[in-house]
Amino acid sequence: MAKELGTAGKLIEKGWCQGTFAKSAEGVHVQLHSADAACWCSAGALLKSYPDKRQAEVAFNKLICEVASYDEDPFGITDWNDDPARTKEEVLEVFRKAGV
């Protein structure tokens, strides 16, 4: 049974990026908490969604477990997210499975 997207997954659903924590609608790098942010990478979405350090750690652990089951040789969330072959749909699938 598929889980629903959590707060971070809903950010990815709105907009996803690679190579930086967040970008504006124009594709310019911005701070992840900026009002101009329109899309986020996997790590950026988690950091924005879970400002409490403990909650962020739990969310990161859930996500990395799903990334590890998705990719036999993950280097981490950022490398996985930034793989040139990665798609938004794949990222959303992993966020949904992790429930974050």
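Reader: What should I know about the model before I start?

Author: It's a predicted model, where local features need pLDDT of at least 70 and side-chain atom pairs count only at pLDDT 80 or more, while totals for chains, interfaces and linings use all residues. Residues are numbered from 1 along each chain as its sequence is written, and side-chain values use heavy atoms, with hydrogens and water left out.

Reader: How do I describe two packed helices, and at what angle do H1 and H2 pack?

Author: Two packed helices are described by the angle between their axes and the distance between the axes. Helices (H or I, at least four residues) and strands (E, at least two) are DSSP runs, numbered from the N terminus. Axes are lines fitted to C-alpha atoms, for helices over the stretch in contact, with angles from 0 to 180 degrees between N-to-C directions. Here H1 (residues 7-14) packs on H2 (residues 42-49) at about 130°, and the axes are 8 Å apart. H1 and H2 are therefore oblique to each other (under 35 degrees is roughly parallel, over 145 roughly antiparallel, 65 to 115 roughly perpendicular, and the rest oblique).

Reader: Is the crossing of H1 and H2 left-handed or right-handed?

Author: A crossing is left-handed if the near helix is turned anticlockwise from the far one by less than a right angle, and right-handed if clockwise. H1 passes H2 in a right-handed crossing.

Reader: Which residues of H1 and H2 meet?

Author: Contact means heavy atoms within 4.5 Å. On the H1 side you'll find Thr-7, Ala-8, Leu-11 and Ile-12, and they meet Ser-42, Ala-45, Leu-46, Lys-48 and Ser-49 of H2. That contact divides into 5 nonpolar, 3 polar and 1 charged (Ala, Val, Leu, Ile, Met, Phe, Trp, Tyr, Cys and Pro count as nonpolar, Asp, Glu, Lys and Arg as charged, and the others, Gly among them, as polar).

Reader: How do H1 and H5 lie relative to each other?

Author: The axes of H1 and H5 come within 9 Å and cross at roughly 165°, so the two helices are roughly antiparallel. This time H1 makes a left-handed crossing. Ala-8, Gly-9, Ile-12, Glu-13 and Lys-14 of H1 meet Lys-88, Val-91, Leu-92, Phe-95 and Arg-96 of H5. By class, that's 5 nonpolar, 1 polar and 4 charged residues.

Reader: Which residues of H1 are buried?

Author: Buried means under 20% relative accessible area, exposed over 50%, and partly exposed in between (1.4 Å probe, protein chains only). In H1, the buried residues are Ala-8, Gly-9, Leu-11 and Ile-12. They cover an arc of only 155° around the axis, which puts them on the same side of H1; the arc is that of the directions from the helix axis to the C-beta atoms. The buried residues of H1 pack against strand E2 (37-40), H2 and helix H5 (88-98).

Reader: What covers the buried residues of H5?

Author: The cover includes H1, H2, helix H3 (53-70) and H4. Among the buried residues of H5 are Glu-90, Val-91 and Phe-95.

Reader: Where is Gln-18, and what does it touch?

Author: Gln-18 sits in the loop between H1 and E1, and at 27% relative accessibility it counts as partly exposed. Leaving out residues up to four places away in sequence, Gln-18 touches Lys-23, Asn-81, Asp-82, Asp-83, Pro-84 and Arg-86. Take Asp-83: its C-alpha atom is 8.2 Å from that of Gln-18, though they're 65 residues apart along the chain. Asp-83 is in the loop between helix H4 (77-82) and H5.
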